[in-house]
Amino acid sequence: MNESVILLSIVSAVGIGTPILLAGLGEMYTEHSGVMNLGIEGMMLGGGVVGFWVSTQHTSLPLALAVGAAVGALFALVHAFLAVTLRVNQIVSGLALVITGTGFAAFIGSLNDSALTYERPLSSFEPVFGEGMRDLPLVGPLVFGHDWVVYLSWVLVAASAFWLFRTRWGLSLRAVGEDPAAADTVGISVTATRYIYTMVGGAGAGLGGTYLIAGIFSNYQHGITAGLGWIAFALVIFAGWRPWRALAAAYIFGVLRNLGFSLQIIGVDIPADFLNALPFVLTIAALILISARSSAARKYSAPSALAVPYSRESR
Amino acid sequence: MNLAVGAREIVVERRPLPPLWVRAAAPTFSVFFGLVIGAVIIWAAGQDPVLAYTEMVKKGFLGRLPLIGTLVIATPLILTGLAALVAFRMKIWNIGAEGQLIMGAVASAGMGLWIGDGVGGPVGIVIMLAAGAAAGALWAALAALPRAYFNTDEVISTLMLNFVALNIMNYLIFSSISYWRDAERVTFPSGRGISEILFLPRLSGRLHIGLFIAVAAAAVLWWALRYTRWGFEVQVTGDSPRAARYAGMGVDRKILSVLMVSGALAGLAGGIEVGGVLHSLDPRALSLGVGFAGIVVAALARLSPFGVVPVAVFVASITNAGPGLQSIGVSSEVVLMLEGILFLCIVAGEWFLRNTIRVQPAAGSPAARPA
Amino acid sequence: MPLDRAGAAGAAAQIDRSDGRLGGEAARLTSITKSFYGQAANEDVDFDLRWGEIHALLGENGAGKSTLCSVLAGLYHPDSGEIRLDGEQVELRSPHHALEQGVGMVYQHFRLVERFTVAENLALGHPDTKVLASRKELERQVAELGRRYGLEAAPEAGVWQLSVGEQQRVEILKLLHRGVRILILDEPTAVLTPQEARSLFATMRALADEGRAIIFVSHKLDEVMEVSDRVSVLRDGRMVGSMEIAEADPARLARMMVGRDLAVPDRPRIEAGAPVLSITGLTAAGDRGIEAVRNVDIEVRASQIVGVAGVAGNGQRELAEAIAGLRRIEHGQIFLGGVDITRASPRQRIRLGLGFVPEDRMRTGMAGGLPLPANLALKAYRRPPLSRGPLLSKRAMDDRARRLEHRFDIRGVRWGLPTSLLSGGNIQRAILARELSAGPKVLVAAAPTRGLDVAAIQAIRRLLLEEREAGTAILMISEDLEEIMELSDEIVVLYEGRIMGRLEPGQASPEVLGMLMAGRTVDPA
């Protein structure tokens, strides 16, 4: 009994962890290019609500996800223009983006309630694998029990780890975030790189938002992300800017979000609020560890030029 | 930054001192531009932008009730704007006003409940609000100390602490029978009310003296930055930490004190919300988002304490107009989006203050060479 | 990544000694002018470079060496003038564009990504780096490349783990890997130990022998004489002359660099008083952790100006900061008026009567964004009448500012506007006004007239001389030999953090000073 409850909470953690993971992966790209985008929550909502609307109209989840990602990227483009070209303070710009995206989602969501509900559940959210495999003990629910977006997120994690740390493009990207002057001298366009990857970050947030609204909740309510965008921001730091660690961290954060409920069922009373606060506490702890600068932590600290605008003349 | 277009190039230059007309024109044009973008979205959604804007002015400003509503919303926003401002003056990025406000509300409500009817009138109110300010300062210190000792990035730590505070508040009301919770209401959890003698005195309708406190805080901050040694040291450290060290000022201690003052202002905002509006710790009604909005307000006010007041009132008037729009068939949520768009546009418009653009013959082109 | 092609081989084939182009023209810059904010850093400069030579570019600080190199490296776009590479006129749009044309520069601040490995830095942005380059493969190629050029650096090592000398080698290797044929080294020895410099010179020679052209920027005469084939001297943004090294001798070069015969002016003779500032065995580390000030002894008496001469980067800034309390002192002691201030805070030193004019006026000497009264109060604000308890008196600050503005003839003040809008000369007057009005016992003045116009220079020097007459002990650090000789009662020359020599102004000539500053000992004949 106890085991099954815990197993269940882990499985549902994969559900809630997936939007965090998708948004966090996107932000990871953005930050590796030296841009900090605090606007994840706004981009998730803005992209998510449009993606969700598409899914109700066309019942095509891939299309919905694509549109959600595109809208998220458009929001991020605004941030890129402000942060990279106009060299505006990235904190102010990012927070303004949160407000805009939240308001935009609320506005769209309020227009026509009936347009934002399903007449029937989306078939594309059915589990990928057949019942035989899903019923396998332990690995069944853990590995084979998910819908295809979860598997897509795993593929994206692997691809990101490879892209960032094993390819020429990843090398260029990280160089822009570490030392833009060095990248500039060897012919890598700092501006183009930062624009592109800021938009990649927005796309990740839009993807996560769409999955959250269309896939998990199947309806839109004001403030439906409930801080998941901020958790995604924390995730990047907690994961030390590494994709595989982000995967693990996203599920840890997901478990924490559901664990209180599960524990209550088995009679252990840890308030959910404490568990909800834990991701943020853990991130602060990780941050202090990194800044206390043990040599191992050096590897997992922020890109050196994060949130610093670049211009060639001012060396 | 040069951009060559044929034989001409567009040269962008920084300027230290924008002329007066630019300082006035840039935000005006930005607001106009933002309203146009907003109008396009409203129009695209099938609603009437002109009607929406006229109604917003009416519901935000015109008449006694709209004005009172606007000022009540502006009160905490002025304080969180000041909180952001004082930290930004020293190039310290406190984006934890949200959490500091919450902890201020928790402490003020706790103190108010504890006082009960014991200490009446002004003294009780002062004690209650002081508790809020102190809690905000201490919550900020949680980020300030690692910054001073380990140089831990305060942007992230203050941000993270917001959500820790939020969950603490939720726990006190929703997940436990705490001192703050009204034990009699089980199905619909809410906070225990403080004694009526601790309510902030009302001026007119819902308008309470919190507005005066907020404006007074702006004045005090303006004065402190200008006329005290502390303010002088903050200004110098913010402008050039090296010059501050050169002049023998303790930079670390200044970081600590500025972050705590910043937290105290945000905490005071929480206390005033409890004493003036909510009269209990109420997570549902506590105006969340005010901490983040305060940061943008401070930026729009160009870090001037007195600038924060009108900017906060302007933003609050948009917020306040929201519910009223329903009656004319425009979604009330439009105001939040419009605020965001205006923020983005005005922040972008500030660029024109610091830069000039001119077109000249391209360097290296025949025209630029001496004959 | 076929190194045999991408490396120097392809390029080297074109410039092989045997094809007769060795000694041919590699680059020619004609009447280059480049101004910053209306001030010319290069004026009508001509410069030519041949294949296979090491061409030294010699000059004082601010002579325009770095500007000229940056023009050739594509970082700056000249206001006018022409650049020819290999006889062909080119327009260099960016450092990367220059790199594609075979021109590469090793900047004083290396363009290496610290968190990357050596191999990653070499692969970064390289056209032949494969999209899916395996780490092993990259490292193998880099090791091979290093062996070829005798620039061995562990390819798997992180740049942050390398010494400065090793980082420099990686930077050179990176440029060679890109097929650079013209290599510019901006003050490469400034950060090296003598042994590292030796090995760099060997590398430079080997590269030149392969047919590459090398520009070597330096202000050290010894090095220039030792390593270069030709030398060009810049002064005040203009080209003073070029010659084969065989025609050059240190004394002549020193005179060309300094450019004027220096006369010792008449100064009122004052009997120096008791020692006020005594520094013994002072050792302090530089920003990179290497000792920048080594075992320095200096004594300054009341009514005496001791001039510290030397080329920038030889420990002057660190010396001044150590005295002011802004830099940790490793060994040695400092006494001010008999009080040991070795461990005192900057604030305590100010209270004991130490005045300091820092070389970085805009950011250290001033909070440039604040108005003048605030900057004039930067040190006195803790005492009446400027403050009482925690309260500041704006009016007293303004009154004081007006008085000082008048007394020190600070011009162009616009009330309420940032101090940074003042001209350099007026900013320096303001700093001196602040420091001198505090009535210091000791004044440390670093580069007090650097970058100022003639009138301002005269005014500042007069102020220093008046202060000396008033009995203050002055330690003046300057790269300007004329200034050193005009003002000092005693001259010490700093070279690589050590005192290279002590002279009376009467004994000093530009040649002697120039050679001491360049690290040559001089017989006291």
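**A tour of chains A, B and C**

Begin by selecting chain A, which has 13 helices and zero strands, where helices (H or I, at least four residues) and strands (E, at least two) are DSSP runs, numbered from the N terminus. This is a predicted model, in which local features need pLDDT of at least 70 and side-chain atom pairs count only at pLDDT 80 or more, while totals for chains, interfaces and linings use all residues. Residues are numbered from 1 along each chain as its sequence is written, and chains are lettered from A and ligands numbered from 1 in the order in which they are written.

Next, show chain B beside chain A. Here 39 residues of chain A are in contact with 38 residues of chain B, a contact being two residues whose C-beta atoms, placed from the backbone, lie within 7 Å. Which helix of chain A gives the most to this side? Select helix 4 of chain A, which gives 15 residues and spans residues 90-111. The side of chain A that touches chain B divides into 27 nonpolar, 11 polar and one charged residue; Ala, Val, Leu, Ile, Met, Phe, Trp, Tyr, Cys and Pro count as nonpolar, Asp, Glu, Lys and Arg as charged, and the others, Gly among them, as polar.

Now colour chain B by domain, with residues 1-47 and 354-371 as domain 1 and residues 48-330 as domain 2, bounds that come from an automatic or database domain assignment. The centres of the two domains, taken over C-alpha atoms, are separated by 36 Å, and five residues of domain 1 are in contact with six residues of domain 2.

Finally, move to chain C, where four strands form an open antiparallel sheet in the order 2-1-4-5, two strands being paired if DSSP finds at least two bridges between them. Look for its edge strands, strand 2 (39-50) and strand 5 (88-90), each of which pairs on one side only. Then select strand 1 (residues 25-36) and strand 4 (residues 80-85) of chain C, which five bridges join; the bridge partner of C:Thr33 is C:Ser80 in strand 4.
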